[in-house]
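Please find below a colleague's note on the structure under review.

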Amino acid sequence: MITVRSKVYVVFLGIFSFVLGSVAFGFSLPYPKLEEWLWIYFLAISSFVLTRFEIQFENKGSFSMDSAIFLAAALHFGFLVSFWVLLLFYSLQIVYNRAVPIWAHLLNFFMYLIMILATSFSFSFLNGKVGGEIVYNLSPYFLSLIVYFLINVIILIGFYRSAQSRFTGVFNLGLLKEVFFAYFVTLLLSLVLIILIDNEGFFGLFLFTVLVVLLSITFGKVLEWYQEMANQANKDYLTGLYNHGYFKDYLKELFRETKKTGGQFSIAFLDLDDFKKYNDYHGHVQGDRLLKFVGEFLRNETKDLGYIVARYGGEEFAIALPRITKYEAAAFMDQLRKKLNDTPFEGVDRLPYRCISFSCGVAEYESDMYEESELLHKADQALYYSKAQGKNNVQLYDAKRISRDALKFKEDLDAIEEQLKLLLYKDVYTYRHSKRVFKYAMEFSDRLTLTEEEKRTLVLGALVHDIGKIEVSRDIINKTSKLDPDEWEIMKKHVIWGKEIVLSDGRFEEVIPLVELHHERYDGRGYPYGLKGEEIPKLARILCIIDSFDAMTTDRPYQRTKTFSEAIVELRRCSGTQFDPQYVEPFIQMIEEYYPEKITNKTVST
């Protein structure tokens, strides 16, 4: 953007170039000869063509080779020819590029004019011979090019200082490397042009123009191929978003830059709620369509804001939000959540919220953070807390606000899972049974009026309820026929042994009632103590229903497997005797809603 100060600077350059040129030529500019006019026309047209074919470089922008022609004109034909080439060239530019402000054209014209004047003076001062063989002009040529470069840098610094209060970046090492590279290419190509003109005349200029055009096209194609390969390496194949690796690299760079220069940014982790259920209902192909849909939604909602969106893994997405606080990020993510809730998609009406929903955690960069992994960890904790609060919400990371118990839940699950793996080596049936009961408990707990602490206790208890079977011998566990009375008495002791195992750990005492009492019956005929009704803890009564349903619907060596429909009939038949009646119907409703494909026959009440 050309400011008033910049316009004043352009006027100053114009006056300076006029004075400099007038002094150089005694206030009279010689008129070119006929042959020189031919070269002026062809050189101007050639430079104009080259501006249409800029050479592209990865991370270095682009530059045209018109300056190589200006240099070659000054050093081979002299300043007079190069001046008229510049004048004709920028006349064409003003007519052709009307979208560019006239002040920008004038800036470039005066800048090149001063640079060409300084280069021509330097070349003459160093005894360079205009039109002479290049081999005898190498030293003056190279030294004149250094002058050309220095004058260019000085003029640019002056322009940026006129456009803003201070100019930063001139002495940036990366930028200087790019500038030197561009000037080195300009030097080589101007040398090539002088040699071609010396040997082939106008045909040499034509060859040079064709060569640079082909170089431009070739570099453009190579850059396209490179970018395509880079995109394949950095993009998630399914959603087209950036992938986990790219996001972490980007975040590392953003973290380093923010730590160095100051500023702020936030990140958000979001996880699609109940995506596994959607996959189970509709299959993985439809699940992939949902992920692509959400990925496109996130990309469209953030593309104009400069945010980076990535598929972080599975159904989890990550967003980097530069230059905003965690409060602004949370507000944005909540708007995004609500909009996605209101966006229809096939099959989501069977999910608990009957829409596409996500849980989201937001964390903000803090100056005392040592590395980006701290930020990732906090966003992950906030995400987990969001899911613990009932899903479909956005939570900020706040050490004072996030429940330690909620964050500890995942650690508890991991610890119990490690214990449960001991069953995998001894009794794969019980291991798989425990995992299924855990899944049912997770689903059922969301539908019950339980506190967060009760939900966590029920889920943990469901996962570990049969841990005592580790102490039962393989002969009894793997027996294919019905157990005899002595074997049955040993099997019933697994609840006591399970209690002792849990007590020995010391971290999960709250699940002991579920481990010890999940075989108690509502009518008092269960074991180990024959408790009755509400003498049995509420969570143990709930677990009894879940445990029995999975036992009935899973292959066992000593009894026939029931279908889901048959198991539902059995639950209703035993409601009020084996099972607490207030939880039987809600559990059946959940099974019918979540697993309709497994309900083979219409069930009836008894």
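The points below go from the overall fold to the central sheet, its surrounding helices, the cores and a few backbone details.

1. Overall content. The structure is a predicted model. The protein chain holds 23 helices and 7 strands. Of its 606 residues, 50% are buried. Among contacts in the protein chain between residues at least 6 apart in sequence, 69% join residues at least 24 apart.

2. The sheet. An open sheet is formed by 5 strands, in the order E4-E5-E3-E6-E7, with mixed pairing. Strand E4 (308-313) and strand E7 (394-396) each have a single partner strand and stand at the edges, so one side of each lacks a neighbour in the sheet. On average, and with direction ignored, neighbouring strands of this sheet are turned by 20 degrees against each other.

3. Strand E3 and its partners. E3 (residues 265-272) runs antiparallel to E5 (residues 316-322), and 7 bridges join the two strands. Ala 268 has Ile 319 as its bridge partner in E5, and Asp 271 stands opposite Glu 316 in that strand. E3 and E6 are likewise antiparallel and joined by 7 bridges; here Ser 266 has Glu 364 as its bridge partner in E6.

4. Burial of E3. Of the 8 residues of E3, 8 are buried. In a regular strand the side chains alternate between the two faces of the sheet. In E3, Phe 265, Ile 267, Phe 269 and Asp 271 lie on one side, while Ser 266, Ala 268, Leu 270 and Leu 272 lie on the other, and both faces are covered.

5. Helix H9. Which residues of H9 are buried? They are Phe 247, Leu 251, Leu 254, Phe 255 and Thr 258. These residues cover an arc of only 105 degrees around the axis, which puts them on the same side of H9. The buried residues of H9 pack against E3, E4, E5 and H13, whereas Asp 249, Lys 260 and Thr 261 are exposed on the other side of the helix. The geometry of H9 (residues 244-261) is consistent with its length: at 1.5 Å a residue, its 18 residues should span 26 Å, and the end C-alpha atoms are 26 Å apart, which agrees. Gly 262 follows H9 and has a positive phi, near 85 degrees.

6. Helix H18. The buried residues of H18 (residues 485-492) are Glu 487, Met 491 and Lys 492. Their arc around the axis is only 140 degrees, which puts them on the same side of H18. Pro 485 and Asp 486 are exposed on the other side. The packing partners of the buried residues of H18 are helix H17 (474-477) and helix H19 (494-505).

7. In soluble globular proteins, nonpolar side chains tend to be buried together. The largest nonpolar core here has 65 residues, of which Leu 298, Ile 319, Met 333, Phe 549, Leu 571, Phe 587 and Ile 591 touch the most other members. Helix H21 (residues 538-552) supplies the largest share of this core, 8 residues. Apart from this core lies another, of 56 residues, among them Phe 70, Leu 113, Ile 116 and Tyr 148. Not counting residues up to four places away in sequence, Met 333 touches Ala 268, Leu 270, Ile 319, Phe 358, Cys 360, Val 362 and Val 394.

8. Backbone details to inspect. Most residues other than glycine have a negative phi, and most peptide bonds are trans. Asp 274 has a positive phi, near 55 degrees, and is placed in the loop between E3 and helix H10 (275-282). Arg 354 also has a positive phi, of about 60 degrees, and is found in the loop between H12 and E6. Are these two residues buried or exposed? Asp 274 has 9% relative accessibility and therefore counts as buried, while Arg 354, at 53%, counts as exposed. The peptide bond from Tyr 527 to Pro 528 is cis, with omega near 15 degrees; Pro 528 lies in the loop between helix H20 (512-517) and H21.

Methods: Residues are numbered from 1 along each chain as its sequence is written. This is a predicted model: local features need pLDDT of at least 70, side-chain atom pairs count only at pLDDT 80 or more; totals for chains, interfaces and linings use all residues. Side-chain values use heavy atoms; hydrogens and water are left out. Two strands pair if DSSP finds at least two bridges between them. Helices (H or I, at least four residues) and strands (E, at least two) are DSSP runs, numbered from the N terminus. Axes are lines fitted to C-alpha atoms, for helices over the stretch in contact, and angles run from 0 to 180 degrees between N-to-C directions. The expected span of a helix is 1.5 Å times one less than its number of residues. Buried means under 20% relative accessible area, exposed over 50%, partly exposed in between (1.4 Å probe, protein chains only). The arc is that of the directions from the helix axis to the C-beta atoms. Contact means heavy atoms within 4.5 Å. A nonpolar core is a set of buried Ala, Val, Leu, Ile, Met, Phe, Trp, Tyr and Cys residues joined through side-chain atoms within 4.5 Å.
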